[in-house]
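Visitor: I have a structure to look at and some terms to learn. Could you take me through them?

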Amino acid sequence: MVSMKQKGVAWLLVVVALAAAAAGGTWWYKKQRAPRGVAAGSAVLPNPNLPFAVNSCVARLYEDKPALALTFSDAVKGDQQLEQVIEVSDMGDSKAPPVPATSAADGAKPAKPAGTLLKGAWVMSDNPHVLLFPYVKPGHRYSIKVNTALAAEGGRKLAQAHQCEVLSDQMSPSFFFASKGTVLPAGLNGGLPIVTVNISEVDVEFLRVSPQKMPKFMEMVLGIRSHNNAQNNEEGEYDGYYDRTSFKGQVGGWQLNALQGIADSVYSNRFTTSDEKNSRKVTFLPVEKVAELKEPGVYVAVMRRPGFFDGEYQVTYFYTSDIGLHVRRQVKQTDVFTTSLKSGKSQSGVELEVLGEGGKVLLRGKTDGDGHGVLPGLPDTARLLLARRDKEMSVVALREPGLDLAEFDIGGHLSRDVKLFAYSGRDVYRPGEKFTVSLLARTADGTALPPAPVKVELKKPDGDVVSASLWQPSAKTPGYMQQRIDLPVDAATGKWSLEFRADPTAKRADAIYSFQVEEFLPERMKLTLNSDAAPMAADATSFKVAVQGDYLYGAPASGNRLLGSVAQERARNPLPKEWPGFIFGDFADDKEKSRAELPETELDENGKTSLQVPVKAEARSAMRVRASLSLLESGGRPVVRSVERLWWPAPAMIAVRPAFDSDVAREGSMAEFELIRVNAAGKFDPIKEAPFRLVREDRQYYWRYDADRGWHSGYTEAEEAVHAGVLALKERAKLAVPVQWGTYRLEVTDPSTKLVTRYRFYAGWNAQDAESIGNRPDRVKLQLEGAPAKAGGDVKLKIVPPHDGEALVMVEADKVLWSTRVSVSTQGTSLTIPIDKSWNRSDMYISTVVFRPGSQGDRVTPARAVGMTWLPMARESRKLKVSLAAPTQVVPDKRMVAKVKVDGAAGKTAMVTLSAVDVGILNITSFKSPDPFDFFFGKHRFGAELSDIYGKLIERMDGAPGKIKWGGDAGKRDTRSMPKKVKLVDLFSDRCS
């Protein structure tokens, strides 16, 4: 385990040696680990509550060579003679015939095969829980004996002696590319990294993707199916991800044949690597020095072992560049920023091209002095965005998922230049009804639009268009329209919608008004349920619900029957707003789902009663308890309402967020998790230590026959704790563990509450990681002062990034309105942002991208972190205060007069629409009065899609430069320019006699 403090987040990284040809993308973690030492927030701590014991006895690598490893439940005391308490014997080559056992006297136990007692030094790894015995022979069996004299930190002795046998790694010949990345930062890495074991040479052929075929190649490797290809799908049109040829890792020759006509071979040679035996080494192929590979473009590298022709190759694709490309896509404008990967500074004069199918150039642009380029909105046929400068290029696939911004608070109303606010008096109608829909047409600042027709489509629940029409504006009421909607008598029940478009040719609707079509009767009673909203404590066995029932005409529902039921299920995430994506509790509590009927009761003479709703307080997870109550009319028709409460098993809980989707991680990779400990209010509640372990579940299925049941299937289960440790949750932490194929269970114990958070996941096929669901960027903390902002004023922004670097600070709405670059540090940096008077919008965000340059250290990979916060504008002066005075009782078929008072509209022209609707109808759907002020001036959704290359960088790591065996990279030179290093001898003796 490695304790790290990186990017402002605590990391706990567990590293093991992987199988020889498993996947290079996981092995290099071992090379990237932090130096010895413990960082705050991720300390590996002793756990005095557990006995000191041996957890595992396995083969690992030490300094890239075979070694034996003992893992303990606690940190081993450093200042003791380990050779005196741990004995190692070499039992010989595993492939050799067994050594005969020595003879034993009659009646004595048979002697074990003889072994050679070894003398060597045990080494404590970076993780004090692990001891290593290095430099053992590959393929040999070793016997290890640990006696009880071994001490842990703190003086505790081993609870019992331990003996085990280990087969050291064979270290069979293997080779693979060391990174899953695509972009090789120019001048930083030393070359394209490969990993070899017992192979001193490799043959590598480089193919350059044709510029015209680059869009097709990227769609091949990303697995994106075009609309045209999907139309032949029997299930209909499909536009998404399917099985793809990633050209990463082991690839068959038949798959490489798909590159014919797409990529051409431009260079092939043999490279020498490390000749050190039984050692796993990184070698950098000097691709930046090969003349044939200096042409900008995407290259496919195909590597094989010389003299072997098995039809399988190690493959990767890459390009070399110093252009850090960051793209922010909006409907009408695309903003592109270019930053040097090496220095972190802006790059000017970078040529931009948008490519469509066949490599056709659709758009062109160029970055300015701040590295900012502006392009119009990208067409649907756009496939790639290329940035070129001199002999370098960078590329972003435009159909690949953008950055995952799920953790950022960027939700709200849809952002549009034309804001259409549609409303009516209710949102549920019967088939054949006629009703009026009103429409306010405004700009993004809420001012009335010039008179123009609006296209409106009425759609059924299945999406079919029932009718389409143009609503014409009225000169008397600018910015306002209304129309009567006639529903068919045979209208299908379900969710209907009206789609509004200010531009009749637009594909995307500017507004959608949804309503229900149902056969219903207005409710005659109202049922009010009141209960404490706070989560219930662990000792709660029930909660109280106060019930009030009344007839809508005012009389209490005295004596009416009240029926009810209670349903209970696990709340996988009880804090979805505060901590999206985090999983709380134990997956075993999914079985605790239950439902029960409540005793029938009657309301008293005032229409009141109270209920104690029972709660099963047996789970180890937060539970969602829902009480549904039905108040019956005299004829038996019910009015149904429900109340929901959360039950927490402890004051605080530990939660886990996987960095992969659908509970499936990639096999042969590092499964990454984020961990928090929070209370029921969502506030962080730190804890000194939290033991964790990763368990691999092994389930063996079988068929069995017996006389009673006949043939039947079953399974046996076994499990193995593959990793264990203790994590200090002083802040939000990260954990990374290597996984192979199979089912795993991550368990994190809270010592203060004794609760165990258990998360089960699978490693294998159909994994959706950052490549498929969008890369998740690190976060920048932003603190905004002076909001709501006033036009012509300014606001102050404090930036706290996870790493030092240069920050790109922007104000953006439907495009980037303002930007600047400023140097920032992890201590926090403040700056003032001017608010232009023309920024009359409510969809503005202040966003930052902090770039970490690769020049910060020898093994620092360039990176970026993202921050966002909504920028509200002061608009209270434009809010009208409306009050209504109407009779408390009305007589049917009589005219009713209502008085409307509008404060703040004196001397101005105002228009009022008024709806009078039966409350019994509104209560069916809990209809709320439309709020145009919030619609126009409230929080709006962040509309840009962010993409960049930083999640695809080839990581910096330790290694040695490789050498080209044949030829060289030097071009032809004029003989006269050769340096004169020795005096030339050219003697002549004239004729002599």
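**Reading the labels**

Guide: Start in strand β41, residues 623-632, where S628 lies. The model is predicted.

Visitor: What makes S628 partly exposed?

Guide: The relative accessible area of S628 is 23%. Buried means under 20%, and exposed means over 50%. S628 falls in between, so S628 counts as partly exposed.

Visitor: Which residues does S628 touch, apart from its neighbours within four places in sequence?

Guide: S628 is in contact with L563, G564, S565, R641 and S642. Take S565: along the chain, S565 and S628 are 63 residues apart. Their C-alpha atoms are separated by 5.4 Å.

Visitor: How do you know that C57 and C164 form a disulfide?

Guide: Look at the sulfur atoms. Those of C57 and C164 are 2.2 Å apart. The cut-off is 2.5 Å, so the pair counts as a disulfide. By this rule the count comes to one disulfide.

Visitor: Why is the disulfide of C57 and C164 called right-handed?

Guide: The torsion about its S-S bond is about 65°, so the disulfide is right-handed.

Visitor: Where in the chain are C57 and C164?

Guide: C57 is in strand β3, residues 54-62, and C164 is in strand β10, residues 162-167. The two cysteines are 107 residues apart, and the pair links distant parts of the chain. Both C57 and C164 are buried.

Visitor: Why is helix α3 described as largely enclosed by the rest of the structure?

Guide: Helix α3 spans residues 214-222. Eight of its nine residues are buried, so α3 is largely enclosed. Among the buried residues are M214, F217, M220 and L222.

Visitor: What covers the buried residues of α3?

Guide: The cover includes strands β14 (201-209), β18 (299-304) and β19 (312-321). It also includes β22 (351-355), β25 (384-389) and β26 (392-397).

Visitor: What is the phi of D663, and what kind of value is it?

Guide: Phi of D663 is near 60°, a positive value in a residue other than glycine. D663 sits in the loop between β43 (652-658) and β44 (664-665). D893 has a positive phi too, about 65°, and is not a glycine either. D893 is in the loop between β59 and β60 (899-903).

Visitor: Why is D893 called exposed, and D663 partly exposed?

Guide: Use the cut-offs again. D893 has 83% relative accessibility, over the 50% limit, so D893 is exposed. D663 has 25%, which lies between 20% and 50%, so D663 is partly exposed.

Visitor: What makes the peptide bond from A787 to P788 cis?

Guide: Its omega is near 0°. P788 lies in the loop between β52 (781-785) and β53 (794-800).

Visitor: Which residues form the nonpolar patch on the surface?

Guide: They are L880, V882, L884, V900, V912 and L914. Together they have about 540 Å² of accessible area. L880 is in the loop between β58 (863-870) and β59 (881-885).

Visitor: How confident is the predictor, on average and at residues 99-113?

Guide: The protein averages a pLDDT of 84, and 85% of the residues score at least 70. Over residues 99-113 the pLDDT stays under 50. The model has 13 contacts for that stretch beyond four places in sequence. Residues 969-980 also have a pLDDT below 50, with two contacts beyond near neighbours in sequence.

Terms used:
Residues numbered from 1 in each chain as written. Predicted model: local features only at pLDDT ≥ 70, side-chain atom pairs only at ≥ 80, totals over all residues. Heavy atoms only, no water. pLDDT = per-residue confidence, 0-100. Contact = heavy atoms within 4.5 Å. Patch = residues over 30% accessible without salt bridge, like charges linked within 9 Å, V, L, I, M, F, W, Y side chains within 5 Å. Areas by Shrake-Rupley, 256 points an atom, 1.4 Å probe, with all protein chains shown as cover. Salt bridge = Lys/Arg side-chain N within 4 Å of Asp/Glu carboxyl O. Helix = DSSP H or I, 4+ residues; strand = E, 2+ residues; numbered from the N terminus. Buried < 20%, exposed > 50% of the residue type's maximum accessible area, 1.4 Å probe, protein only.
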